[in-house]
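Hello,

Here is the structure I promised to pass on to you. Have a look at it first, and then read on for what turned up.

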Amino acid sequence: MDISLYNVAGELPAELGKLNLEEFNIYNNSFFGPIPYSVFNISTIKRMALSFNQFSGHLPSTMGLSVPNLEELHLVQNKLSGVIPSSITNSSKLNFLFLGSNSFSGIMPNFVNLWNLKDLLKLNLSYNSFRGSLPLEIKNLKVVNEVDLSWNQFTADIPSSIGSMQSLMSISFAHNKFQGSIPLSLRNIISLESLDVSYNSISGVIPTSLEALNYLRYFDVSHNRLEGEIPLGGRFTNFTAQSFMQNYDLCSKTRNQFPHCKETLKWTRSKIGKSLVKYIIPPIIAVILAAPSNVMLDQDMVAHVDFGIARLFSEWESEV
């Protein structure tokens, strides 16, 4: 069934649940009101595209129990609210889950089962009001290639387990409240093409190991609290200053928009040895050679006058 882009308005009738459908495409219309619970009882349904309407209300708590064949769920740009029902994990064949631009909410641990959808390829939770920290279980999304978590209220660190998501091509953490540093494990996602962590409270340095991501085409860490030198190699040569703006402690040797990085002295044993030979030892030898015979140097190279010889001369003169 496909009545997309027809500008149809009205509420969906509950009788839809009696139809034997594999696809239900009604996106880009003007439907409003709640989505009938009966729609989620169509056991044969594989694709449900209800995006770009004006649906409101909550998703039914049992929504995943009667749609075991559901592969795509598109609900973007509506007025839906409430939490993601935990029953959604019963739709284990889900490949595409698009819930962006609604008013969904909830604390992340409360819908942690979402990460058990191991066939998920694309996940969009952007422009909602989700909060809490991302669990380590996000690594269970082994085949996912696109994740958009932007414009929510996620907090705490970006979990290092994200480095296990080897199929990931695009991920956005933008416009949240993430803290901590950029995970070093990101260097393991060699397929990564787009990384956005802008508008958070990320601190620390930009790992130079990210220079090894040869497919990285989009990179944005602007509006954070990063510091240190902006990497020079790999794809970083192609990123504009906009990718790094509003990080007041970043510096660069090649970008005029940022303070020039100061050279830091890195003392090694060889450098210390060369400095001793060149600058320290020669003056000491010169002092020794030029010193009077009654000037002696102790083990700490401190000069002392030996008054023994002077005393002998004094006694000899008094006898004469």
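How many aromatic pairs does a search of the whole structure find? The search gives 11 aromatic pairs. Please keep in mind throughout that this is a predicted model.

One of these pairs is made by Phe 31 and Phe 55, which are stacked, with 6.2 Å from centre to centre and 5° between the planes. The two residues come from distant parts of the chain: Phe 31 belongs to strand E3 (residues 30–33) and Phe 55 to strand E5 (residues 54–58), 24 residues apart. Phe 31 counts as buried because its relative accessibility is 5%. Phe 55 is buried as well, at a relative accessible area of 0%.

Then there is the pair of Phe 219 and Phe 239. The ring centres are 5.5 Å apart and the planes meet at 20°, so this pair is stacked. Phe 219 sits in strand E18 (residues 218–220), while Phe 239 is in the loop between E19 and E20, so the pair ties together parts that are 20 residues apart in sequence. Phe 219 has a relative accessible area of 1% and is therefore buried; Phe 239, with 7%, is buried too. Both belong to one aromatic cluster, formed by Phe 219, Phe 236, Phe 239, Phe 244 and Phe 258.

That brings me to the core. The largest nonpolar core has 70 residues, and those with the most contacts inside it are Phe 24, Leu 97, Phe 173, Phe 219 and Phe 244. If you want to look around Leu 97, leave out residues up to four places away in sequence, and you will find that Leu 97 touches Leu 73, Ile 88, Leu 114, Leu 117, Leu 120, Lys 122, Leu 123 and Asn 124.

Next, a sheet. Three strands form an open sheet with parallel pairing, in the order E17-E19-E20. Strand E17 (203–204) and strand E20 (249–251) are at the edges and have a single partner strand each, so one side of each is left without a neighbour in the sheet. Strand E19 (residues 225–229) pairs with E20 in the parallel sense over 3 bridges, and Glu 229 stands opposite Cys 251 in E20.

Cys 251 also takes part in a disulfide. The count comes to 1 disulfide, which joins Cys 251 to Cys 261 with an S to S distance of 2.1 Å. The link is right-handed, with 100° about the S-S bond. Cys 251 is in strand E20 and Cys 261 in the loop between E20 and helix H1 (269–290), 10 residues apart. Both cysteines are buried.

Finally, two serines in one loop. Ser 185 is in the loop between strand E15 (177–179) and strand E16 (194–196), and Ser 181 is in the loop between E15 and E16 too. Are they buried or exposed? Ser 185 counts as buried because its relative accessibility is 15%, whereas Ser 181, at 43%, counts as partly exposed. Setting aside neighbours within four places in sequence, Ser 185 is in contact with Ser 160, Ile 162 and Gly 163.

Definitions and conventions:
Residues are numbered from 1 along each chain as its sequence is written. This is a predicted model: local features need pLDDT of at least 70, side-chain atom pairs count only at pLDDT 80 or more; totals for chains, interfaces and linings use all residues. Side-chain values use heavy atoms; hydrogens and water are left out. Helices (H or I, at least four residues) and strands (E, at least two) are DSSP runs, numbered from the N terminus. Buried means under 20% relative accessible area, exposed over 50%, partly exposed in between (1.4 Å probe, protein chains only). Contact means heavy atoms within 4.5 Å. Two strands pair if DSSP finds at least two bridges between them. Rings of Phe, Tyr and Trp (its six-membered ring) pair if their centres lie within 6.5 Å; planes under 30 degrees apart count as stacked, over 60 as edge-to-face and the rest as tilted. A nonpolar core is a set of buried Ala, Val, Leu, Ile, Met, Phe, Trp, Tyr and Cys residues joined through side-chain atoms within 4.5 Å. A disulfide is a pair of cysteine sulfur atoms within 2.5 Å.
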